[in-house]
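The structure is shown first.

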Amino acid sequence: MKRLIRRSATALAVAALATGALATTAQAAPATANGGDPTLTDVYIWATDVNLRAQPTTSSPVLAVRSKYWLDAVCQKQGQTITDPAVGTNNWWTAVQELSGSDIAYVNNLYLRGGQKIAGVPDC
């Protein structure tokens, strides 16, 4: 009887872990972009706690902080070079907006999917 209880408890624990892993995987997948301007390229912030700034420099005020989030890319331009030991170095920043007509903020391209300079996003 003890063996049966132990096996049942183990099976339940494994099932709970598997279910939790699946739930985590589902939550980690990015949601689709919505509410933005359909004429602009959608960009995805893949990292967590990324600063959206008033200008393409770290000395500029932080307007918002976003994690794993879709935005509309208005344009991109060179600004302050950013180095993140875990990610790399880049001086391209993308001007983004959350919704059509909303305020513009800048995100360094290190934290956006698409590479050093993002295809489909015009220069500012």
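## The second largest pocket

In this predicted model, the lining of the second largest pocket comprises five nonpolar, four polar and two charged residues. The residues concerned are Thr48, Asp49, Val50, Asn51, Arg53, Thr58, Ile82, Trp93, Val107, Asn108 and Tyr111. Two elements each supply two or more of these residues, namely strand S2 (50-53) and strand S6 (105-108). The greatest contribution to the lining is that of S2, with three residues. The space in this pocket amounts to about 160 Å³.

## Residues with positive phi

Most residues other than glycine have a negative phi. Aspartate 49, one of the residues that line the second largest pocket, has a positive phi near 55°. Aspartate 49 is located in the loop between strand S1 (41-45) and S2. Its relative accessibility is 59%, and aspartate 49 therefore counts as exposed, the cut-off being over 50%.

Lysine 68 is not a glycine either, yet its phi is positive, at about 45°. This residue belongs to the loop between strand S3 (62-66) and strand S4 (69-84). Lysine 68 is classed as partly exposed because its relative accessible area is 44%.

## Glutamine 97

Glutamine 97 lies in strand S5 (residues 88-97). Is this glutamine 97 buried or exposed? Its relative accessibility is 8%, so glutamine 97 counts as buried, for which the limit is under 20%.

When neighbours within four places in sequence are set aside, glutamine 97 is in contact with Asp37, Leu40, Leu71, Asp72, Val74, Ser102, Asp103 and Ile104.

Conventions:
Residues numbered from 1 in each chain as written. Predicted model: local features only at pLDDT ≥ 70, side-chain atom pairs only at ≥ 80, totals over all residues. Heavy atoms only, no water. Helix = DSSP H or I, 4+ residues; strand = E, 2+ residues; numbered from the N terminus. Buried < 20%, exposed > 50% of the residue type's maximum accessible area, 1.4 Å probe, protein only. Contact = heavy atoms within 4.5 Å. 1 Å grid on protein atoms, 1.4 Å probe; cavity = no way out; pocket = protein on both sides within 12 Å on 5 of 7 lines; lining within 4 Å. Points joined across faces, edges and corners; volume = space filled by probe spheres on them. Nonpolar A, V, L, I, M, F, W, Y, C, P; charged D, E, K, R; others polar.
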